[in-house]
Amino acid sequence: MLNIIEGILSFPLKAVIYGPEGIGKSILVSNAPNPLYIDTEDGTSRMNVRRVRPKSWDELIAIIEEVAKTPGLCETLIIDTAEWAEMMCIKDICTKYKVSELESFGYGKGYTYVGEEMTRMLAACDKVVAAGMNVVIIAHAKMRKQELPDEQGAFDRWELKVSKQSAPLLKEWPDLLLFLTYKTMVVTTESNSKKATGGKRVMKTSHSPVWDAKNRFGLPKEMDMVFAGISHLFKTGSEPPAPAEKPIDTLRSIDGGCKRDGGGNPACGRLERPLRCGCLHQRLHRQIPEWLAYQVLAAGFETH
């Protein structure tokens with residue numbers, strides 16, 4: 001018998017936040033509820049926070065698993081940063097197999113080991129989430145030239161500063177992938193020269209050709225880099241679990257309703273029966289997240 005679970009489920013947050021050095025990633029996340037840092041690069045020395053400093057890859061994994069077994073130790077576990085954790089991983093692999101560098105394995109086999117170990121770290125992080133705690137992984141960003149096979153020329157693109165084996169894992173795992181950057185504008189001066197101005201710090205929440213980002217919460221594409229904009233996504237121990245909400249319940253909460261469509265058809269009436277309304281599609285995508293709109297439609301609603 002299938003155990004079908006319906007509606008929105010409430011879980012602690014899984015997030016990856018990355019950006020250029022010095023933009024304030026660690027300070028931003030320090031506002032999370034009751035944080036505990038796993039400081040792999042000694043980047044929190046000037047911050048008044050709780051931290052542990054692993055000396056090896058196995059110790060880092062052991063710390064994550066210990067947090068998962070100790071409810072109440074923290075409400076948000078922060079790994080700072082991903083690339084320094086990966087360097088610990090690479091050092092551990094080289095020591096284990098008695099080689100000087102990953103390239104010594106040949107045919108990219110060393111980086112396959114890195115991908116396997118990073119998967120092990122994320123599995124340990126999932127145990128922390130299952131225990132009721134948020135997990136945030138901080139990473140630096142690097143710029144790389146990108147060339148599209150069907151286009152001429154190249155452009156600069158921001159990417160996670162980790163190996164090609166680790167980057168996809170860190171992008172697929174979280175519910176929230178934030179890219180932090182400076183918003184600058186190029187203006188023309190009176191002498192007809194170009195000058196960059198601005199420098200406002202912002203958070204990008206959606207994918208772009210020049211950076212990776214995503215969110216499953218319907219956030220605006222760009223937000224000011226202040227914790228208040230994402231604070232509601234973090235689960236805290238003082239909050240009761242949010243009841244699972246069915247897509248139909250969200251649809252019922254939309255005010256206004258439909259009167260008559262352009263063809264003079266009668267009003268939609270009760271929401272319990274399938275809707276064939278020309279305005280429904282617009283209402284869904286304007287007032288609730290796109291993914292939830294598709295759930296509503298899949299539950300028995302139709303548009304035309």
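Author: With the naming of elements: strands are DSSP runs of E with at least two residues, numbered from the N terminus. The model is predicted. In it, L9 is found in the segment before strand 1.

Reader: Is L9 buried, partly exposed or exposed?

Author: Buried means under 20% relative accessible area and exposed means over 50%, with partly exposed in between. L9 has 43% relative accessibility, so L9 counts as partly exposed.

Reader: Which strands pair with strand 7?

Author: Pairing requires at least two bridges between two strands. Strand 1 (residues 14–19) is parallel to strand 7 (residues 176–188), with four bridges between them. Strand 9 (residues 214–215) runs antiparallel to strand 7 and is joined to that strand by two bridges.

Reader: Which residue of strand 7 is the bridge partner of V16?

Author: That partner is L177. L177 also stands opposite K214 in strand 9.

Reader: How many disulfides are there?

Author: A disulfide needs a pair of cysteine sulfur atoms within 2.5 Å. By this rule the count is zero. For C89, the nearest cysteine sulfur belongs to C94 and lies 9.4 Å away, and C89 is in no disulfide.

Reader: Why does C89 count as buried?

Author: Because its relative accessibility is 0%. C125 also has 0% relative accessibility, so C125 counts as buried.

Methods: Residues are numbered from 1 along each chain as its sequence is written. This is a predicted model: local features need pLDDT of at least 70, side-chain atom pairs count only at pLDDT 80 or more; totals for chains, interfaces and linings use all residues. Side-chain values use heavy atoms; hydrogens and water are left out. Buried means under 20% relative accessible area, exposed over 50%, partly exposed in between (1.4 Å probe, protein chains only).
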